[in-house]
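Have the viewer open and follow along.

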Number of protein chains: 2
Amino acid sequence: MNKDIQTTELDAQTASATQKAYLAIQRMIVVGEISAGEKLKIGTLTAKLGTGASPVREALSLLTSDQLVERIDHRGFRAAQTSRENFEEILGLRCALEDRALRQSIAAATNEWEERLVLSHHRMVRQPREDVEAFEALHKTFHMTLLDNCGSPILIRYCSQLYDLNIRYRYIAGQTVNYQSRDIGAEHQAILAAAVDRNADLAAERLINHYRQTGAFLNGFFSRMVPVDL
Amino acid sequence: MNKDIQTTELDAQTASATQKAYLAIQRMIVVGEISAGEKLKIGTLTAKLGTGASPVREALSLLTSDQLVERIDHRGFRAAQTSRENFEEILGLRCALEDRALRQSIAAATNEWEERLVLSHHRMVRQPREDVEAFEALHKTFHMTLLDNCGSPILIRYCSQLYDLNIRYRYIAGQTVNYQSRDIGAEHQAILAAAVDRNADLAAERLINHYRQTGAFLNGFFSRMVPVDL
DNA sequence: TAATTGCAAATAATCGATAAAAATGTTTCA
DNA sequence: TGAAACATTTTTATCGATTATTTGCAATTA
């Protein structure tokens, strides 16, 4: 409806086959429908997505740069591997980049941004947790809104990529597990409050802490699972 | 010859059409043969590269994620715009990310890395400046070698992307101009020395300074040129 | 038995052609 | 004149088919 608020959404009819394939494959990898290291055969994907080889290849090329897909010349594509090291790398980078982005966002704060932030938080809170994918979409929107006032499109893009890479691990660990022991809602609320107060140090600290806690949890989870990489 | 030293190089006969197109188009954009904002018509590129539409499209998709190309659905591709803001964004991010990468590299220093570093520096110094593209390739290799021991492939990738985006502006400003007033050789030497000494603070400071000086110069250059964006 | 070679099937990469969409130019009508 | 509607041309996006490459298997040899 309102194109200003959510520019990311695109009409299903207008979207190109490439665009649709991109979103579909990304979702399957992030959610875990396609598992890590799995071979992505063009034939299989064209059949599943009901489209030709060109859009599929193009989508896979785009996902390659998002680090969700690996391309090996003449040997096709495969879903990126997961590993503890990879997870820790993502977490560390995410903390560094989001810290920067959030501080810049707050430094450039406007009423318009503040209102968008409150709104995105409200929408996330209102969304029932049962619909996991719907909640995750709003959760991402909230986190990206925190950053999107930083004035640096490249930084935003990197943060968005890292967010997706990270969330993939959350799906691997299973959705519910983590949220039991923590009050995620309160954490979000606290981050929002600090941002609205334009207290960059506090907001950044809370945000990073939010990530580190999830990170520590997931790390614990990974150490209990298959130690063999791949 | 020695595959261990330069994994990036690929045999021209084995490389896929996509790979060749990717490198060719990237080069043209970075070097300025294709100017900022220019439309990238599939037909024109297939003719120029002597290949079909699919590899060209795939290459352009890859370049999209490198931020060198913009894709607009049903409206094709165009070379990314340049602007002062974009340049400053790149410079700032580069300083932040390379600072991090260099410190991690040094923290994980080994003799093997140290030797690779000395070697890449030597090769750059030995290369005559007349062959601009050859020198630039070795220059990039030296800078990337500084970072490539950081143990974070994603960070390396981001730094590499930002390097390419940045160097595009150097080409826009013209090659020679900048190097006249500064002793770039000495700066490189100093960075190398600090890195070999495993003095992270000093090395990072020198590296960032190296970039900031180039940045300041280019900024001065841009203010003298067309203020109208695009 | 282990390694090597040669073949066949599977799959990736690429091309050429077609369909869909956008841009451009032209005519018509107020 | 100006703008709206239409037709034409250009260009993008997609498909189906062809070609090139790899992979897996079996036969052969040391």
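Across the interface of chain B and chain A, 15 residue pairs are in polar contact, with both partners at pLDDT 80 or more. Keep in mind as you look that this is a predicted model. On the side of chain B that touches chain A, helix 1 (17-31), helix 3 (53-65), helix 4 (84-107) and helix 7 (153-173) each supply at least two residues. Sorted by class, that side of chain B has 13 nonpolar, 13 polar and seven charged residues.

Charged side chains also pair up here: the count between chain B and chain A is four salt bridges. One to pick out joins the side chains of B:Arg71 and A:Glu58, at 2.5 Å from N to O.

Now step back to the interface as a whole. In it, 33 residues of chain B are in contact with 33 residues of chain A. The area buried between the two chains is about 2,600 Å², and carbon and sulfur atoms give 52% of it. Within chain B, the residues that lose the most area to chain A are B:Glu58, B:Ile154 and B:Tyr158, which together make up 23% of what that side buries.

Next, turn to DNA strand D. Which parts of the two chains supply its surroundings? Chain A brings helix 1 (17-31) and helix 3 (53-65), while chain B brings strand 1 (39-40) and strand 3 (76-79), and each of these elements supplies at least two residues of the surface near DNA strand D. There are 20 residues around this DNA strand, and those that come nearest are A:Ala17, A:Gly52, B:Lys41, B:Arg57 and B:His74. By class, the surface comprises six nonpolar, eight polar and six charged residues.

What part of the DNA faces the protein? Of the atoms of DNA strand D within 4 Å of the protein, 87% belong to sugar or phosphate, and the rest belong to bases. A backbone N or O atom of A:Ala17 lies 2.3 Å from a phosphate oxygen of DNA strand D. For a base, look to A:Ser54, where a polar side-chain atom lies 3.2 Å from a base nitrogen of DNA strand D.

Finally, an annotation: in an unreviewed entry, UniProt lists residues 15-82 of chain A as "domain: HTH gntR-type". Over those residues the chain is 53% helix and 15% strand, with the end C-alpha atoms 30 Å apart.

Conventions
Residues are numbered from 1 along each chain as its sequence is written. Chains are lettered from A and ligands numbered from 1 in the order in which they are written. This is a predicted model: local features need pLDDT of at least 70, side-chain atom pairs count only at pLDDT 80 or more; totals for chains, interfaces and linings use all residues. Side-chain values use heavy atoms; hydrogens and water are left out. Contact means heavy atoms within 4.5 Å. Buried area is the accessible area (1.4 Å probe) that two parts lose on being put together, summed over both. A polar contact is a pair of N or O atoms within 3.5 Å; within protein, one must be able to donate a hydrogen and the other to accept it, and residues adjacent in sequence count only if both atoms are side-chain atoms. Helices (H or I, at least four residues) and strands (E, at least two) are DSSP runs, numbered from the N terminus. Ala, Val, Leu, Ile, Met, Phe, Trp, Tyr, Cys and Pro count as nonpolar, Asp, Glu, Lys and Arg as charged, and the others, Gly among them, as polar. A residue is near a molecule or strand if one of its heavy atoms lies within 4 Å of it. UniProt positions are given in the numbering used here, feature names are shortened, and annotations may be inferred rather than shown by experiment.
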